[in-house]
Amino acid sequence: MLNEKCLHTINTTIRYSDEIKAARETLWRAGKTDRQIADAEGVPRHVIVNWRRRRGFPIHRVQAINRPPKKTKAQKPDNFQSNTLCWSCQNACGACEWSQISHTPVPGWTAIPTHLNANTESFEVIACPKYLKDPPRRNS
């Protein structure tokens, strides 16, 4: 189908006839998306995307009819421990009393009592004598 519609090929650039160009523009002006035009012509979508961009035509998007709403992140409770020092401490995995199974408060720390949920008490640690900042991590 594609070969019948092409006039000639130069250095892998396909030259389309005026008839094909007019049909594409007619579909675009009718509000068709890149995918719909590509399917109608039997060419890959990127061919239509490049054609549309070269002519400065804006993209047509499909209306989001009956599409479920995007999921949003769950709201965290006001007492969530996102600011506690423990999350960035080298001793957080068993090297201090709090991170061990007993969850005993560290002597000398400054902490605010909080609740993770109705049954779980916790602390937001503000200062701790055993705090050692984690070294920066490299993106690998």
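Colleague: Leaving aside its neighbours within four places in sequence, which residues is Ile 37 in contact with?
Modeller: The model under discussion is a predicted one. Once neighbours within four places in sequence are left aside, the residues in contact with Ile 37 are Arg 24, Leu 27, Trp 28, Lys 32 and Ile 48.

Colleague: Which residues in helix 4 are buried?
Modeller: Arg 52 is found in helix 4, and its relative accessible area of 7% makes this residue buried. With Arg 52 included, the buried residues in helix 4 are Val 47, Ile 48, Val 49, Trp 51 and Arg 52.

Colleague: With which side chain does the side chain of Asp 34 make a polar contact?
Modeller: Asp 34 lies in helix 3, residues 34-41, and counts as buried at 4% relative accessibility. Its contacts beyond four places in sequence are Arg 45, Ile 48, Val 49, Arg 52 and Ile 59. The polar contact, at 2.9 Å, joins the side chain of Asp 34 to that of Arg 52.

Colleague: Which class of aromatic pair do Trp 28 and Phe 57 form?
Modeller: The count of aromatic pairs comes to 3. In the pair of Trp 28 and Phe 57, the ring centres are 4.3 Å apart and the planes lie at 20°. Planes under 30 degrees apart count as stacked, so this pair is stacked.

Colleague: How many residues apart in sequence are the parts that this pair ties together?
Modeller: Trp 28 belongs to helix 2 (residues 18-29), whereas Phe 57 is in the loop between helix 4 (45-54) and strand 3 (110-115). The parts tied together by the pair are separated in sequence by 29 residues.

Colleague: How are the planes of Trp 109 and Phe 123 arranged in their aromatic pair?
Modeller: The distance from centre to centre is 5.4 Å, and the angle between the planes is 50°. Planes under 30 degrees apart would be stacked and those over 60 edge-to-face, so with 50° between its planes the pair is tilted.

Colleague: Which residue stands opposite Phe 123 in strand 4?
Modeller: Strand 3 and strand 4 run antiparallel and are joined by 6 bridges, with a hairpin of 5 residues connecting them. Phe 123 counts as partly exposed at 22% relative accessibility. Opposite Phe 123 stands Pro 113.

Colleague: How far from the sulfur of Cys 93 is the closest cysteine sulfur?
Modeller: A search of the whole structure finds 0 disulfides. Cys 86 is accordingly in none, the nearest cysteine sulfur being that of Cys 96 at 6.0 Å. Cys 93 counts as exposed at 82% relative accessibility. A disulfide requires sulfur atoms within 2.5 Å, so the sulfur of Cys 93 is too far for a bond from the closest one, in Cys 89, at 9.2 Å.

Colleague: What is the distance in space between Lys 130 and Asn 91, C-alpha to C-alpha?
Modeller: Lys 130 lies in the segment after strand 4 and is partly exposed, with a relative accessible area of 33%. Not counting residues up to four places away in sequence, Lys 130 touches Cys 89, Asn 91, Cys 96, Glu 97 and Val 106. Lys 130 and Asn 91 are 39 residues apart in sequence, yet their C-alpha to C-alpha distance is 7.4 Å.

How values were computed
Residues numbered from 1 in each chain as written. Predicted model: local features only at pLDDT ≥ 70, side-chain atom pairs only at ≥ 80, totals over all residues. Heavy atoms only, no water. Buried < 20%, exposed > 50% of the residue type's maximum accessible area, 1.4 Å probe, protein only. Phe/Tyr/Trp six-rings, centres within 6.5 Å; stacked < 30°, edge-to-face > 60°. Helix = DSSP H or I, 4+ residues; strand = E, 2+ residues; numbered from the N terminus. Polar contact = N/O pair within 3.5 Å; in protein donor to acceptor, adjacent residues only side chain to side chain. Contact = heavy atoms within 4.5 Å. Pairing = 2+ DSSP bridges.
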